[in-house]
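The exercises below ask you to read a protein model piece by piece. Try each task before you look at its solution.

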Amino acid sequence: MAKDASACTRCRLAGGRTNVVFGMGNPTAALMFVGEGPGEQEDLQGLPFVGRSGQLLDRLILEEMNLTRDDFYITNTVKCRPPGNRDPLPDEIESCWSYLDQQLGLVDPRVVVTLGNFATRSLLGRTEGISKLRGRAYPYRSGYLVPTFHPSAALRGGGGVVAQIRADLVRAKEALAAAPLPRPAG
Ligand code: SF4
């Protein structure tokens, strides 16, 4: 699927990208993070969350959940960088949805953490903003979905946003403990 996506021209974002940023991490992880779209560094390196906000996210996940990128899978709602880091448009999110949907099915995480408005609204099918939707775990697929702020909001918003992301990561850790284990094959 990553190879297929690397040549994708389904939406206008194909025209400005350097690399398709498909996702990285443990493909059988119990925990999956879904962000918005690649930024400049992500587009250049072809990897998700490798800029400043990604470094902050990695630190918070390590401190609150004691996990590294070997332990979870991380991707975005759209796989190509919107020009100038603008918000992804509804038709772009829709064009890219089948990749994310298949990733969710293949990784089959017990807990999904959505980072920011676009991932949260897309996966939950809601229209409220992240400030209203965060603060609880929602039943989702075979486990739970825990919404939180995008780490770039923490870079802009400072300590208050960081504290709320920390609380949401603790919530995700609790959801992992509560989510049913997958049935053994056969
Ligand atoms: S954003 Fe998604 S749908 Fe659009 S070109 Fe990139 S991979 Fe294809």
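## Exercise 1: The sheet

Strand 2 (residues 31-35) and strand 4 (residues 111-115) are joined by four bridges and run parallel. The model is a predicted one.

**Task.** Find the order of the strands in the sheet and name its edge strands.

**Solution.** 
1. Strands of a sheet pair through backbone hydrogen bonds, either parallel or antiparallel.
2. Strand 3 is antiparallel to strand 1, and two bridges join them. Glycine 25 of this pair lies opposite tyrosine 73 in strand 3.
3. Strand 1 (24-25) and strand 5 (138-140) are the edge strands, since each pairs on one side only.
4. Helix 8 (residues 159-178) packs on this sheet and touches strand 2, strand 4 and strand 6 (143-148). The direction of helix 8 makes about 175 degrees with that of strand 6.

## Exercise 2: Two faces of a strand

**Task.** Which residues of strand 3 (residues 73-76) point one way, and which the other way?

**Solution.** 
1. In a regular strand the side chains alternate between the two faces of the sheet.
2. In strand 3, Tyr73 and Thr75 point one way.
3. Ile74 and Asn76 point the other way.
4. All four of these residues are buried.

## Exercise 3: A covered helix

**Task.** How many residues of helix 5 (residues 117-124) are buried, and what covers them?

**Solution.** 
1. Seven of the eight residues in helix 5 are buried. They are Asn117, Phe118, Ala119, Thr120, Arg121, Ser122 and Leu123.
2. Their cover includes strand 2, helix 4, strand 4, helix 6 (130-133) and strand 6.
3. Take serine 122, which is found in helix 5. Serine 122 counts as buried because 22 other C-beta atoms lie within 10 Å, and the cut-off is 20 or more.
4. Beyond its neighbours within four places in sequence, serine 122 is in contact with Thr77 and Ile93.
5. Proline 90 is 32 residues away from serine 122 along the chain, yet their C-alpha atoms are separated by 9.6 Å.
6. Just after helix 5 comes glycine 125, with a positive phi of about 65 degrees.

## Exercise 4: The nonpolar core

**Task.** Which residues touch the most other members of the largest nonpolar core?

**Solution.** 
1. The largest nonpolar core holds 42 residues.
2. Met32, Val34, Phe72, Val111 and Val146 touch the most other members. Helix 4 gives the most to this core, with five residues.
3. Leaving out residues up to four places away in sequence, valine 111 touches Ala30, Leu31, Gly143, Tyr144, Val146, Ala172, Ala175, Leu176 and Ala179.

## Exercise 5: The shell around the ligand

**Task.** How many residues surround the ligand, and how do they divide into nonpolar, polar and charged?

**Solution.** 
1. The ligand is surrounded by 14 residues, of which Cys8, Cys11, Ala14, Cys80 and Cys96 are the closest.
2. Nine residues of the shell are nonpolar, two are polar and three are charged.
3. Helix 4 (residues 90-107) supplies the largest share of the shell, three residues.

Technical notes
Residues numbered from 1 in each chain as written. Predicted model: local features only at pLDDT ≥ 70, side-chain atom pairs only at ≥ 80, totals over all residues. Near = placed C-beta within 6 Å. Nonpolar A, V, L, I, M, F, W, Y, C, P; charged D, E, K, R; others polar. Core = buried A, V, L, I, M, F, W, Y, C linked by C-beta atoms within 7 Å. Buried ≥ 20, exposed ≤ 12 C-beta atoms within 10 Å, placed from the backbone. Contact = placed C-beta atoms within 7 Å. Pairing = 2+ DSSP bridges. Axes fitted to C-alpha atoms, helices over the stretch in contact; angles between N-to-C directions.
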